[in-house]
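Here's a quick briefing on the packing in this one. Have a look at the rings first, then at the core.

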Amino acid sequence: METEESRYGISMIKPISFYSSESEKIKLNWFCYELSMAIYDEIKENLGKRLKKYKIDDEPLAEFSIYISKKMKDIILQKLSGRIEKVYFSYEMVESYFPNLSDKLVNKVLDGISKAWDELLSVCEICPTRCISEKDAYCTMFDEGPY
């Protein structure tokens, strides 16, 4: 049976990865935390066995998911400010982190990131927390727990 912990990668990804001071406990950083868990879960579920052949198990996958979600923060801000029209996921984001993956597997990882992004946004549409529209507001969820 799937637990909340396994479903959200909670054991591998901690909120502390998304702030270093009280002032960084904002909703945009919480969104990035949620995105990292969604990416982790999507990729682990669909590509976990294939990635193990490249010696990529839970810990490097969690670190990658955190890395990607933090990289996405700049892209999200560009989208919100109107500087870009569409959010994009680049091949280089994956290849620079995992340089030994085949092109086909890089594409599958990108598909997983895209699916995680789309699914998270669909949840965000109905979530009352409004992490994106209130991106700079303090996020009390960082203070709740346990994680």
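Ground rule for the rings: those of Phe, Tyr and Trp (its six-membered ring) pair if their centres lie within 6.5 Å, with planes under 30 degrees apart counted as stacked, over 60 as edge-to-face and the rest as tilted. By that rule, F18, Y19, W30, Y33 and F142 form one aromatic cluster. Keep in mind that this is a predicted model, where local features need pLDDT of at least 70, side-chain atom pairs count only at pLDDT 80 or more, and totals for chains, interfaces and linings use all residues. Numbering runs from 1 along each chain as its sequence is written, and side-chain values use heavy atoms, leaving out hydrogens and water.

**Aromatics**
- The structure holds 10 aromatic pairs.
- One of them is Y19 with F142, an edge-to-face pair at 5.0 Å centre to centre and 70° between the planes.
- That pair links distant parts of the chain, 123 residues apart: Y19 is in the loop between helix 1 (4–8) and helix 2, and F142 is in the segment after helix 5. Helices here are DSSP runs (H or I, at least four residues), numbered from the N terminus.
- Y19 is buried at 17% relative accessible area, and F142 is buried at 5%; buried means under 20% (1.4 Å probe, protein chains only).

Key
Helix = DSSP H or I, 4+ residues; strand = E, 2+ residues; numbered from the N terminus. Buried < 20%, exposed > 50% of the residue type's maximum accessible area, 1.4 Å probe, protein only.
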